[in-house]
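These are my notebook entries on one structure. I set down each item in the order in which I looked it up.

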Amino acid sequence: MLKRPELLIPAGGPEQLEAALLYGADAVYLSGNELSLRAKCDGFSMEELKKGVEKAHAAHAKIYYCLNAMPYNRQLDDVTAMLKSLPDTGIDALIIADPGVLWLAKKHCPHMEIHLSTQAHSVNSAAVEFWREIGVQRINLARELGKEDITAIIKQFPDMEFEIFVHGAMCLALSGHCLMSAWVNKRPANLGQCTQPCRFEYRGRRFNEISLTVEEKLRQGEDCWDIEQGSQFSAIFAPSDLCLVPFMDELVAMQPASLKIEGRTKSPSYVAQVTDVYRTALDIACIKQGIAPKFMPKRQDIDKEDFMLELFNSSGKNPRPLSTGFYLPERIDRKAPENYVPRPIVAKLDKQIKPDFYEVDVRSTWNSTKDAFLLLPSMERLCLKNGLYTLYTHAQNEAQTLHPGLKGFIKLSEEIEGLPSSLPENIFIRA
């Protein structure tokens, strides 16, 4: 019998965790601010971690803690201290890459479930046999694998759990074993200090524009790499992000244990939007295949283009192209449509003060002459038409414009079609 794959969402801090849970994560992966591979995200203190675990478990979701850096000898005491403290937090599993850290985890957390990080770069069945033999319960299969290889490995090991990345940054190294950050900025990626210089924008200093397509000697006549640069800076090293949402039906049929989203350095609004898209796509795919969904979407006819537009919007004014990565034999890259108009997140809805009157946490400049949309889970978008809502400052004075970083209020008209009597806290508003 087919099972619903878990949707695994990143959280760089407590607000991202909150967004992930609200929009439908089955599990969340996170860390402290050391000894993980995202040292520049806020991370969780021990107190925040315990509270986060309580919130997740109350929402029937799991918490996986990342301890997936490649520590040097001088850091092993810190690793050991962390391992000794983690069982009391209630986390559901550890995500580990380094064999030494795994050995220490087995010694100090003998009952803790171990998930193998993408950093271990697992690409074949012999590696799976090895990790299974030493007590790993779940393996993240490397992004370098295509659909056929992933399918074959999952079928070969029905007693193992496998996790596959379906969305986010594509690292142009062996699943993150990169020296570019250390070389350029003296911050080694494998100690969690990656500055992601592959995703920076560059331009040539001795010329203004580049339009270069290169071919490789043994494959003449075939495009190998495209570099485009106008008068401004351009991303030329890692220009695309992974996106497998169009293949959700076959991903469910492949039966991985978990579908994983990349992005522990992303904003709460990004986490909310991407979680919402993949949760909805996954639930619709499950319904088609006779599997109980987590949420029951009101609309089950949402097409792939709608999902893609939502994902482009999650990345702001200049969204990166979305790519099939290595999933297909021939990579397909998609750019945002030429007529694409981004709708930024302008606020997060806080507590209800009185009927149809809510406090809002303003995230970007919000002018009430624009239509706004409440981002309800399952990709339900409740339109607040111009004239059917009123904005107020923190002092509850009526205002046409609210500015980021401040609290304000919104009054909703009873004439708004489909408006429930009470809205959930912490949903995002787009305008």
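**Entry 1. Disulfides.** I began with a definition: a disulfide is a pair of cysteine sulfur atoms within 2.5 Å. The model I am reading is predicted, and I found that it holds zero disulfides. I then looked up two cysteines. C109 has a relative accessible area of 3%, so I record C109 as buried. C383, with a relative accessible area of 22%, is partly exposed.

**Entry 2. The second largest pocket.** What is the volume of the second largest pocket? I noted about 430 Å³. Two elements give two or more residues each to the lining of this pocket, namely β3 (62-66) and β7 (161-169). The lining of the second largest pocket is made up of 18 residues, and I listed K3, R4, E161, P256 and A257 as those nearest the pocket centre. Sorted by class, I counted nine charged, eight nonpolar and one polar residue in the lining.

**Entry 3. Aromatic pairs.** I found six aromatic pairs in the structure. One of them joins F357 and F409, whose rings are stacked, with 5.4 Å from centre to centre and 10° between the planes. Where in the chain do F357 and F409 lie? I located F357 in strand β15 (residues 357-362) and F409 in strand β22 (residues 407-412); the two are 52 residues apart, and their pair links distant parts of the chain. I also noted that both F357 and F409 are buried. Together with Y392, F357 and F409 form one aromatic cluster.

**Entry 4. Charges over rings.** Next I looked for charged side chains placed over aromatic faces. R143 lies over the face of F165, 3.8 Å from the ring centre. K266 lies over the face of Y270, at 4.8 Å from the ring centre.

**Entry 5. Positive phi.** Finally, I looked up backbone angles. Q255 is not a glycine, yet I read a positive phi of about 65° for it. Q255 is found in the loop between α8 (248-254) and β11 (258-261). Is Q255 buried or partly exposed? Its relative accessible area is 24%, and therefore I record Q255 as partly exposed.

D356 likewise is not a glycine and has a positive phi of about 65°. I placed D356 in the loop between β14 (345-354) and β15. Buried means under 20% relative accessible area.

How values were computed: Residues numbered from 1 in each chain as written. Predicted model: local features only at pLDDT ≥ 70, side-chain atom pairs only at ≥ 80, totals over all residues. Heavy atoms only, no water. Buried < 20%, exposed > 50% of the residue type's maximum accessible area, 1.4 Å probe, protein only. 1 Å grid on protein atoms, 1.4 Å probe; cavity = no way out; pocket = protein on both sides within 12 Å on 5 of 7 lines; lining within 4 Å. Points joined across faces, edges and corners; volume = space filled by probe spheres on them. Helix = DSSP H or I, 4+ residues; strand = E, 2+ residues; numbered from the N terminus. Nonpolar A, V, L, I, M, F, W, Y, C, P; charged D, E, K, R; others polar. Phe/Tyr/Trp six-rings, centres within 6.5 Å; stacked < 30°, edge-to-face > 60°. Lys NZ or Arg CZ within 6 Å of the ring centre and 35° of its normal.
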